[in-house]
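I set out to record what I looked up in this structure. The entries follow in the order in which I made them.

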Amino acid sequence: TNTKSTALYGNADFLKGIVYIETENGSGTGFIVSSCGYCLTCAHVVKNSREFYVRISGNNSFDIFQAELFSVNENIDMAVLKLEKGKYQNCALMDIPQREIGNDIIILGYPFGKIVSDNYDSLSLSLTKGYVSSWQKRNNLEYALLDISAKAGNSGSPVVDLKSGRIIGILCGSIIQDSGNLREEINYMYPISYFYSELTED
């Protein structure tokens, strides 16, 4: 597992498909799903914003592009941005019809955004490891609880299945429970199948 994680993190082409997103209201993570520049992120990352700036990840690549909001579905907390005209490195996606648990995963993203760095040029992707702990259903939507450490800014991060090296879902945030002085939370993802069924045309 360690070897696979390192291999993915060192793959320049893979990393160029993952992006840092900044709006006038905050920041998050996303990933490119089409070579013509369509980028998937969380709806709450872009909510109530009019300006979207996308920074491509990868080795020594600090290009920043302006983007437009193409589509949004708040029910599944997903949104698609369209980058400026050009050719981009898109990520490999994989639907997972078998809702298995225990799958080793990583997320790649930008926890806390540029707060952790002096400037854009030194802002690097963060890799976090974990596994799928369970599949649940709420409001007629399937989602997976993840045993993984994710922070603000990781919203929209790709959830990568280590066995296949493909993106199986999008990190949407955490479910929080307050009990007296104890505050607990668990992170979750929606599977990439919802992107195909709700945000793409047949």
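I began with strand β7 and found that 3 bridges join β7 to strand β10 (residues 158–161), the two running antiparallel. Strands here are DSSP runs of E with at least two residues, numbered from the N terminus, and two strands count as paired if DSSP finds at least two bridges between them. The model is a predicted one, in which local features need pLDDT of at least 70 and side-chain atom pairs count only at pLDDT 80 or more, while totals for chains, interfaces and linings use all residues. Residues are numbered from 1 along each chain as its sequence is written, and side-chain values use heavy atoms, with hydrogens and water left out.

Strand β7 (residues 104–109) pairs with strand β8 (residues 126–138) in the antiparallel sense over 6 bridges. L108 has L127 as its bridge partner in β8.

Is β7 enclosed or open to the outside? I noted that 5 of the 6 residues of β7 are buried (under 20% relative accessible area; exposed is over 50%, partly exposed in between; 1.4 Å probe, protein chains only). Strand β7 is therefore largely enclosed by the rest of the structure.

I next traced the sheet as a whole. In the order β7-β8-β9-β12-β11-β10, 6 strands close into a barrel with antiparallel pairing. Neighbouring strands of this sheet are turned by 45 degrees against each other on average, direction ignored; the axes are lines fitted to C-alpha atoms.

I turned to the nonpolar cores, sets of buried Ala, Val, Leu, Ile, Met, Phe, Trp, Tyr and Cys residues joined through side-chain atoms within 4.5 Å. The largest has 49 residues, of which F31, L40, M78, L83, Y190 and F195 touch the most other members. Strand β6 (residues 78–83) supplies the largest share of this core, 5 residues. Apart from it lies another core of 13 residues, including I148, V159, L171 and M189.

Finally, I checked the cysteines for disulfides, defined as pairs of cysteine sulfur atoms within 2.5 Å. The count by this rule is 0. For C36, the nearest cysteine sulfur is that of C39, 12 Å away; C36 is partly exposed, at 34% relative accessible area. For C42, the nearest cysteine sulfur, that of C172, is 4.1 Å away, and C42 counts as buried at 0% relative accessibility.

Terms used. Helices (H or I, at least four residues) and strands (E, at least two) are DSSP runs, numbered from the N terminus. Axes are lines fitted to C-alpha atoms, for helices over the stretch in contact, and angles run from 0 to 180 degrees between N-to-C directions.
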